[in-house]
Amino acid sequence: MSVLVNSIVMLGMLVVVPAGLRLTGAAGLDRMRRLWPLFAVPGAVSLWLPRGTAATALAVCYALGAVLLALHAPPRLLRLRDLPTSRAPAEIALLTALVTPSIAATALVAERSGHTLFGFGLGILALTVPHFHFAGFAAALVAGLVCRITDSRAGRFAALSVPLGTLLVLIGYFIGDWAELAGAAVLTAGMWTVALLTWRQVRAGQRDRVTRALLAVSSAVLAVTMVLALSWALGEATGLPHPTLTWMAATHGLGNALGFALCSVLAWQRLRDRTDHEEGRTA
C-alpha cells in the first residue's frame, strides 16, 4: 500500500497543487506557483527514503513551502468582508485550498520522522497526507471554481459545504468516529453537488470533446468514490462491515487522485486556456 499511497501523494505535490494554483487566477499566487517545485520535489523524494533524518529534512522543506502557501490565506480572509455575498463562498473554498497542504505537510514531517502526532500512528499520518491534498486542496479548489462559473445556490452550497466537511473530518480525528462521520456526510453532500453541477452545467456547455470527457469522468468518479468514503466512515462509527484502509487507498484514494483531481485540473486548465484565447482574439 505504501507504494500506491506515495505515488498518489507525488501526484498531488508535483501536479495537482501547482496546476490548481494557476487555476485560481490570483496574481498573488503566481510567484508561489513558480517556486513550488523547489519545495515539492524534496517532499516527493522524502516519501521514498527510509524514515529518519534525511527524509525528515526533505519533508520539512515541503512543509516550508506549504506554510508559505498558507500565509497567503490571512490577507485574503481580511478582504473577504469587502466581497459581495455571492462571491464569498468561492473565496472561502479557495482559502481552504490554500491552507490544507500545510495540514498534509505537518503529517508528512511527523510520519517521515517516525513519531506519532496527537496520538495518531504512522499509518494514519501517512494516509492523512494524500487526504488533505485531494479531499482538502483539490476538492475545495474545484468546488470554488464550480461556484464561480455556475453562480447558483447549489454552487454556493458546494463551495461552503466542502470546506466545512473537510474541517469536520479534521475535528473528527480528535473527537471521535461519529464526528468524523458527520464531516464525511457534509463533505459527501458537497462533492455530490460539485459532481452534479459539473455534469449538468459545466460539461453541458462545452463543445470540446476532450474537455467534456474529462469533466464527465471527474463527475462520475466523484459520485462513486464519495459513496466509499461515506461507507467507511459509517462503518468506523457503527461497527458495520466496511472497506479496509488498503482497499480504500486502492479505490477511493486512487479514484479521487486520477479520476477526480487530475481530470478536473486538466479540464479546468483547458477551459482557462480557451477563455484566455477568446479574450486575446477579442482584444
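Keep in mind that the model is predicted.

I'll start with helix H2, which covers residues 30–46. How far apart are the end C-alpha atoms of H2? They are 25 Å apart. At 1.5 Å a residue, the 17 residues should span 24 Å, so the two values agree. The helix does have a kink, of about 40 degrees, at Trp 36. That position comes shortly before a proline, Pro 37.

Next, the buried side of the story for H2. Its buried residues are Met 32, Trp 36, Phe 39, Ala 40, Pro 42, Gly 43, Ala 44 and Ser 46. Trp 36, then, is both the site of the kink and one of the buried residues. As background, an α-helix has 3.6 residues a turn, so residues three or four places apart point the same way. In the list you can find Met 32, Trp 36 and Phe 39, among others. What covers these buried residues? The cover includes helix H1 (2–23), helix H3 (53–70) and helix H5 (88–113).

Now the aromatic rings. The structure holds five aromatic pairs. I'll take one of them, Phe 120 with Phe 174. The ring centres are 5.5 Å apart and the planes are at 70 degrees; over 60 degrees counts as edge-to-face, so that is what this pair is. Where do the two residues lie? Phe 120 is in the loop between H5 and helix H6 (122–150), while Phe 174 is in helix H7, residues 153–175. The pair therefore ties together parts that are 54 residues apart in sequence. Phe 120 counts as buried, at 17% relative accessibility, whereas Phe 174 is partly exposed, at 49%.

Both belong to a cluster. Ring pairs link Phe 118, Phe 120, Phe 132, Tyr 173 and Phe 174. Phe 118 is found in the loop between H5 and H6, and with a relative accessible area of 63% it is exposed. Its phi is positive, about 55 degrees, although Phe 118 is not a glycine. For reference, most residues other than glycine have a negative phi. Asp 151 is another non-glycine with a positive phi, in this case about 50 degrees. Asp 151 is found in the loop between H6 and H7 and is exposed, at 52%.

Back to Phe 132 for a moment. Which residues does Ile 103 contact, leaving aside its neighbours within four places in sequence? They are Phe 132 and Leu 170. Ile 103 lies in helix H5 and is partly exposed, with a relative accessible area of 24%.

The charged end of Arg 203 sits over the ring of Trp 199, 4.1 Å from the ring centre.

Last, the cysteines. How many disulfides does the structure hold? The number is zero. Two cysteines to look up are Cys 61, partly exposed at 25% relative accessible area, and Cys 263, which counts as buried at 13%.

Note on methods. Residues are numbered from 1 along each chain as its sequence is written. This is a predicted model: local features need pLDDT of at least 70, side-chain atom pairs count only at pLDDT 80 or more; totals for chains, interfaces and linings use all residues. Side-chain values use heavy atoms; hydrogens and water are left out. Helices (H or I, at least four residues) and strands (E, at least two) are DSSP runs, numbered from the N terminus. The expected span of a helix is 1.5 Å times one less than its number of residues. The bend at a residue is the angle between axes fitted to the seven residues ending there and the seven starting there. Buried means under 20% relative accessible area, exposed over 50%, partly exposed in between (1.4 Å probe, protein chains only). Contact means heavy atoms within 4.5 Å. Rings of Phe, Tyr and Trp (its six-membered ring) pair if their centres lie within 6.5 Å; planes under 30 degrees apart count as stacked, over 60 as edge-to-face and the rest as tilted. A charge sits over a ring if NZ of Lys or CZ of Arg is within 6 Å of the ring centre and within 35 degrees of the ring normal. A disulfide is a pair of cysteine sulfur atoms within 2.5 Å.
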